[in-house]
Amino acid sequence: MSSATAVDEPRAVFVYGSLMHPDVVKAIIGRVPRCSPAAVFGYARRRVIEAAYPACIRVAQDSPGAADPVRGLLYHDCSERERRLFDLFEEVDKEPPMYARVDVDAWPVDSEGQQVGGAAAVSAQLYEWVRSEGCLSTGAEADWSFEAFCQPAVLGPYLVMCREFVDEATAQL
């Protein structure tokens, strides 16, 4: 298999924040890929200060909460073009970058967030926060809420921003 073929192969993408909302992902890549609930270990989701979206940071195995998985969605079969749009949205190529696309194992979970017995991990890609952790909330303020994000006062303006982003991003592809 040539390296060009490997790059073009569809891949799974694990999302844990605003991209879990179907209207957001559809605004960015033009469709909602087949998805399933999943979780990753070794990371923590944190609220970004003064932002509607969260960050996912790598945590040490011995840190508090390290055994708690980050729950999200696994988008199956995302094309390289779709991943490139996600890269632009997540500011992977900006200086300084906001996120980096990294390989992770995502574990299938049920609707309650419990790991599905006997299910194998799925190789996926996740957008890991690479900017200063000083931009992230801590303590009781650290948790990011998908339910709060879905409120019209937050989601509405966010979708407007997503549509504006797509208009600019498609010129870069």
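The model is predicted, so local features need pLDDT of at least 70 and side-chain atom pairs count only at pLDDT 80 or more, while totals for chains, interfaces and linings use all residues. Residues are numbered from 1 along each chain as its sequence is written, and side-chain values use heavy atoms, with hydrogens and water left out.

**Exercise 1.** Describe how helix α2 packs with helix α5.

Solution. Begin with the geometry: α2 (residues 22-29) and α5 (residues 152-169) pack at an angle of about 15 degrees, and their axes are 8 Å apart. That makes α2 roughly parallel to α5, a label given to angles under 35 degrees. Next, identify the residues in contact, which means heavy atoms within 4.5 Å: α2 contributes D23, V24, A27 and I28, and α5 contributes L155, Y158, L159, C162, F165 and V166. Finally, sort these residues of the contact of α2 with α5, which gives nine nonpolar, no polar and one charged.

**Exercise 2.** Determine whether E128 is buried or exposed, and find the polar contacts of its side chain.

Solution. First locate E128, which lies in strand β7 (residues 122-129). Its relative accessible area is 12%, so E128 is buried, a term for values under 20%, whereas exposed means over 50% (1.4 Å probe, protein chains only). Then look for polar contacts, pairs of N or O atoms within 3.5 Å, of which, within protein, one must be able to donate a hydrogen and the other to accept it. The side chain of E128 makes such a contact with the side chain of R58 at 2.7 Å, and another with the side chain of Y43 at 3.3 Å.

Note on methods
Axes are lines fitted to C-alpha atoms, for helices over the stretch in contact, and angles run from 0 to 180 degrees between N-to-C directions. Helices (H or I, at least four residues) and strands (E, at least two) are DSSP runs, numbered from the N terminus. Angles under 35 degrees count as roughly parallel, over 145 as roughly antiparallel, 65 to 115 as roughly perpendicular and the rest as oblique. Ala, Val, Leu, Ile, Met, Phe, Trp, Tyr, Cys and Pro count as nonpolar, Asp, Glu, Lys and Arg as charged, and the others, Gly among them, as polar.
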